[in-house]
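Please open the model in your viewer and keep the selection tool at hand. The tour goes from one selection to the next.

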Amino acid sequence: MYRRLESSEITRTALSLSDRIARRFPGSGLSRIAKELVGICQDAAETAAWLGRPKRLLRAGVGLGFVIVLLTFFGTVLGVRVKLAFTTFSEFVQGLQAAIQNLVFLGIAVLFLLGLERRWKRRRAVAALHSLRSIAHIIDMHQLAKDPDRWGTPESEEKPLPTRDMIRYLDFCSDLLAVISKAAALHVQDFDDPATLAAVNEIENLTSGLSRKIWQKIVILDRIVTE
């Protein structure tokens, strides 16, 4: 029960977080981002389910293509008169080279066909992960303006927030980043692909790094409150 990520729970968490942000900061840019993240989590759940399902029609087509390649190869071999004796050594080398080339081309064709499904899934997974990466950077742009050193100064164009509200705002940013990380992990739960796993790890490292920056601000603000 607790060994798998449940896509429905991630979406429910994103929706609950969006409602809390909307109540605390109504009409804010962060509330609109949180609402958008709910839709992205729903898309991530659908993509993860799609990645985990075998593509039987594609596999049938790959199998048919594999059979055609083999029949073509064996038909070529059987259609060629094979000499059991070679008059010169150079003829033997040429015949051996031609046989090796045919085997190499056959191996390349087989590998191409066997990798079709993985490449198709990888392309869709990477496109979905790009959306998660983009919204993580957008959240970072929103929290960048919440700098304790310049908040409320003349160069700051935003209306100052009370310190406790600013802490809560940054805390919400960190929570949104955590949801992004979990939504990214869904893509490799049932899809074992090194390239997709590397992209997911990149997003997890990104969100962790951004969250650490946010919590450094929260610690500074918390000290201001307690002083």
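The stops below cover a pair of helices and then some salt bridges.

This is a predicted model, in which local features need pLDDT of at least 70 and side-chain atom pairs count only at pLDDT 80 or more, while totals for chains, interfaces and linings use all residues. Residues are numbered from 1 along each chain as its sequence is written, and side-chain values use heavy atoms, with hydrogens and water left out.

Select helix α1 (residues 7–24) and helix α6 (residues 163–185), whose axes come within 11 Å and cross at roughly 160 degrees; helices here are DSSP runs of H or I with at least four residues, and axes are lines fitted to C-alpha atoms over the stretch in contact, with angles from 0 to 180 degrees between N-to-C directions. The two helices are therefore roughly antiparallel, a term for angles over 145 degrees. In their contact (heavy atoms within 4.5 Å), α1 contributes residues including I10, L17 and R20, and α6 residues including F172, D175 and V179. The contact residues comprise 8 nonpolar, 1 polar and 7 charged.

Next, show the side chains of D175 and R20, which meet in a salt bridge at 3.9 Å, N to O; the term requires a side-chain nitrogen of Lys or Arg within 4 Å of a carboxyl oxygen of Asp or Glu. D175 belongs to α6 and R20 to α1, so this pair ties together parts 155 residues apart in sequence.

Finally, select D193 and R118, joined by a salt bridge whose closest N and O atoms are 3.4 Å apart. D193 is buried at 1% relative accessible area, where buried means under 20% (1.4 Å probe, protein chains only).

Definitions and conventions. Angles under 35 degrees count as roughly parallel, over 145 as roughly antiparallel, 65 to 115 as roughly perpendicular and the rest as oblique. Ala, Val, Leu, Ile, Met, Phe, Trp, Tyr, Cys and Pro count as nonpolar, Asp, Glu, Lys and Arg as charged, and the others, Gly among them, as polar. Buried means under 20% relative accessible area, exposed over 50%, partly exposed in between (1.4 Å probe, protein chains only).
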